[in-house]
Amino acid sequence: MDGQQETHENIWDMLLSRQPVLIEKAFAFLESDQQKAVMDHLQRMVAEPGWQPEQRVSAQAALNTIADHKT
C-alpha cells in the first residue's frame, strides 16, 4: 500500500469513527474541493440504498459533527 492510499484510508477511518474530535481533525485536513466531495459521499451513504446500517449511522454522525463544527 502506498502512502497516499494509506492516508486516504486513515482519513475515512477518522471520518467514520463517530468520534467528533477525529471527524473534525480529518475534515480540517482536507482541501475545500475534497471537503465537498466527502460531504457529497457521506450524504450518498446516508440516502442511497446499498449501505450497511452501521455505515449509515457513521456517515450521519460525520455529517452532524461537520455541520455542528461549521456553526
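Analyst: The following account concerns helix H2 and its contact with helix H4 in this predicted model.

H2 comprises residues 20-29, and H4 comprises residues 53-70. Two packed helices are described by the angle between their axes and the distance between the axes. For H2 and H4, the angle is about 70 degrees and the axes lie 9 Å apart. H2 is therefore roughly perpendicular to H4, given that angles of 65 to 115 degrees fall in that class.

On the H2 side, the contact is made by Pro 20, Ile 23, Glu 24 and Phe 27. Their counterparts in H4 are Ala 61, Ala 62, Thr 65, Ile 66, His 69 and Lys 70.

The buried residues of H2 are Ile 23, Ala 26 and Phe 27. Viewed down the axis of H2, these buried residues fall within an arc of 95 degrees, so they line one face of the helix. An α-helix has 3.6 residues a turn, so residues three or four places apart point the same way. The buried residues of H2 pack against helix H1 (3-15) and helix H3 (32-47) as well as against H4. On the face of H2 turned away from this buried side are the exposed residues Val 21, Lys 25, Ala 28 and Phe 29.

Thr 65 belongs to helix H4 and touches Pro 20, Ile 23 and Glu 24, when residues up to four places away in sequence are not counted. Thr 65 counts as buried because its relative accessibility is 11%, and the limit for that class is under 20%.

Ser 58 is also located in helix H4. At 7% relative accessibility, Ser 58 likewise counts as buried. With neighbours within four places in sequence left aside, the contacts of Ser 58 are Leu 15, Leu 16 and Arg 18. A polar atom of the Ser 58 side chain lies 3.4 Å from the backbone oxygen of Leu 16.

In summary, H2 carries buried residues on one face and exposed residues on the face turned away from its buried side. Ile 23 and Phe 27 are among the buried residues of H2, and both take part in the contact with H4.

Methods:
Residues are numbered from 1 along each chain as its sequence is written. This is a predicted model: local features need pLDDT of at least 70, side-chain atom pairs count only at pLDDT 80 or more; totals for chains, interfaces and linings use all residues. Side-chain values use heavy atoms; hydrogens and water are left out. Axes are lines fitted to C-alpha atoms, for helices over the stretch in contact, and angles run from 0 to 180 degrees between N-to-C directions. Helices (H or I, at least four residues) and strands (E, at least two) are DSSP runs, numbered from the N terminus. Angles under 35 degrees count as roughly parallel, over 145 as roughly antiparallel, 65 to 115 as roughly perpendicular and the rest as oblique. Contact means heavy atoms within 4.5 Å. Buried means under 20% relative accessible area, exposed over 50%, partly exposed in between (1.4 Å probe, protein chains only). A polar contact is a pair of N or O atoms within 3.5 Å; within protein, one must be able to donate a hydrogen and the other to accept it, and residues adjacent in sequence count only if both atoms are side-chain atoms. The arc is that of the directions from the helix axis to the C-beta atoms.
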